[in-house]
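Please keep the structure open while reading.

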Amino acid sequence: MFTLFFLQKDVSTLPALLTQLVEAKRNFIEYAPQLWFLPCLFFVIVFFSIIQRFVKNKVFIMVAVTTSMALTIFIPQNPVSYSPGLPYGLDSALYYIFWFALGFCIKGSFITYFNHNGVAQKTITTLCGAFALLCFFGLHHHYANALTEVIGGKAYVLVWTLPTLILFVACIPLAKQLANINAVRYLGSNTLFLCGYEAIAKTSFVAFIGIAGHSLNIGDEYYTVVYISVLMFILYKVKSSIDLNKSKY
C-alpha cells in the first residue's frame, strides 16, 4: 500500500510489483531497487564457501573468482554488471564474488598497511585522490573512451576493476575522518537497516516535498551529495529513535 500510494500506482499494478518481489532481479525491482543486494550477498557467501572448501590458497581463490567475473562479462551478450538476467542475483553473485573474495584475502594486510601514516601511504592516497577528482569532474571520459576503443567494451569492464580499487583507496582518508562522527559510525553498524529503508526514505522525502507544493531536481553530483546527506540524517534520527524506544521496554 505504501508503494501504491507514494509511487502513485493503482491496484492494477500490484501483480507486476509482486512478480518483481518474487523474481528479485537486480535493476528490476521498481519499489525497492537496492534490495537485490540481499539475495545476491547470500549467494556470494554460498559460492565463496564452496570455493573455500576446495581451494585453500588465497592466490588460487583469486584466480577462481576472477575467472568467474570474466565469464559473466564475456559469455552473455551484455556483461552481467550492466544487464543482469537471473533471479535472486545469481548471475550478479558470480560477478561480484570477486570483490567479496578480495576483501577476504587482503583485509588484514590492507588495514595494517594504511593504518600507518608514512610517506608511501600519503603518496598512494594522494595519487588515488587525484584520480578520484578526475572521475568526479568527469575528466576521465576521454581517456576511458580511448581505452575502450583499443581493448573493446567487454574487456574494459574487466579492466575497470583496477580504477575501482584506486577509487576505494582514495576514500580511505575521508572514511577515517567520517569515522570520528558518531552518527556515521552508528549508520555504518546498521547497514542492513539502510539497505531496507533507503527506497522508502527517498520516496517519502520526494512525496512530502510534492505535497508541500515543491519539486526536487537533483542536477549534478554536488546536489546529490547534499540530498543523500539529508536522507542519511533522517534515517539516523529514525533508527536512533527506534532503538531508544526499544530500550525502554
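A residue is called buried when its relative accessible area is under 20%, exposed when that value is over 50%, and partly exposed in between. The model is a predicted one. Its secondary structure consists of 13 helices and zero strands.

**Overall fold**

- Read along the sequence, the elements follow the pattern α-α-α-α-α-α-α-α-α-α-α-α-α.
- Taken along the principal axes, the box filled by the C-alpha atoms is roughly 50 × 45 × 45 Å.
- Of the contacts between residues at least 6 apart in sequence, 71% join residues at least 24 apart.

**Nonpolar cores**

- The largest nonpolar core has 19 residues, and those with the most contacts inside it are Ile61, Met62, Val65, Tyr95, Ile97, Phe98 and Ala101.
- At least two residues of this core come from each of helix 3 (37–54), helix 4 (58–74) and helix 5 (90–115).
- With seven residues, helix 5 gives the most to this core.
- Another core lies apart from it and has seven residues, among them Leu187, Leu194, Ala201 and Leu231.
- Tyr95, named above for its contacts inside the largest core, also has contacts beyond its neighbours within four places in sequence: Met69, Thr72, Ile73, Val80, Ser81 and Val157.

**Largest pocket**

- The volume of the largest pocket is about 460 Å³.
- The lining has 16 residues, and the closest to the pocket centre are Ile106, Phe110, Ile111, Phe168 and Ile172.
- Helix 5, helix 9 (161–170) and helix 10 (172–178) are the elements that give two or more residues to this lining.
- By class, the lining of the largest pocket holds eleven nonpolar, three polar and two charged residues.

**Second largest pocket**

- The second largest pocket has a volume of about 300 Å³.
- Its lining is made of 13 residues, of which Leu178, Val225, Ile228, Ser229 and Met232 are the closest to the centre.
- Helix 10, helix 11 (182–188) and helix 13 (221–247) each supply at least two residues of this lining.
- Helix 13 provides the largest share of the lining of the second largest pocket, six residues.
- The lining of the second largest pocket divides into twelve nonpolar residues, one polar residue and no charged residues.
- Helix 10 gives two or more residues to the lining of the largest pocket and supplies at least two to the lining of the second largest pocket.

**Helix 9 and its cover**

- The buried residues of helix 9 are Thr161, Pro163, Val169 and Ala170.
- The cover over these buried residues includes helix 4, helix 5, helix 6, helix 8 (153–159) and helix 10.

- Thr125 is found in helix 6 (residues 119–136).
- Thr125 counts as buried because its relative accessibility is 15%, and the cut-off for buried is under 20%.
- A polar atom of the Thr125 side chain lies 3.1 Å from the backbone oxygen of Lys122.
- Leaving aside its neighbours within four places in sequence, Thr125 is in contact with Phe114, Val169 and Pro173; Val169 is one of the buried residues of helix 9.
- Thr67 has its place in helix 4.
- Thr67 counts as partly exposed because its relative accessibility is 40%.
- A polar atom of the Thr67 side chain lies 2.8 Å from the backbone oxygen of Val63.
- From C-alpha to C-alpha, Thr67 and Phe54 are 16 Å apart in space, and they are 13 residues apart in sequence.

**A backbone point to check**

- Most residues other than glycine have a negative phi.
- Tyr88 has a positive phi of about 60 degrees although it is not a glycine.
- Tyr88 lies in the loop between helix 4 and helix 5.
- Tyr88 counts as partly exposed because its relative accessibility is 36%.

Notes
Residues are numbered from 1 along each chain as its sequence is written. This is a predicted model: local features need pLDDT of at least 70, side-chain atom pairs count only at pLDDT 80 or more; totals for chains, interfaces and linings use all residues. Side-chain values use heavy atoms; hydrogens and water are left out. A nonpolar core is a set of buried Ala, Val, Leu, Ile, Met, Phe, Trp, Tyr and Cys residues joined through side-chain atoms within 4.5 Å. Buried means under 20% relative accessible area, exposed over 50%, partly exposed in between (1.4 Å probe, protein chains only). Helices (H or I, at least four residues) and strands (E, at least two) are DSSP runs, numbered from the N terminus. Contact means heavy atoms within 4.5 Å. On a 1 Å grid over the protein atoms alone, a cavity is a set of points where a 1.4 Å probe fits but cannot get out, and a pocket is an open set with protein on both sides within 12 Å along at least five of seven lines; lining residues have an atom within 4 Å of a point. Grid points are joined across faces, edges and corners, and a volume is the space filled by probe spheres set on the points. Ala, Val, Leu, Ile, Met, Phe, Trp, Tyr, Cys and Pro count as nonpolar, Asp, Glu, Lys and Arg as charged, and the others, Gly among them, as polar. A polar contact is a pair of N or O atoms within 3.5 Å; within protein, one must be able to donate a hydrogen and the other to accept it, and residues adjacent in sequence count only if both atoms are side-chain atoms.
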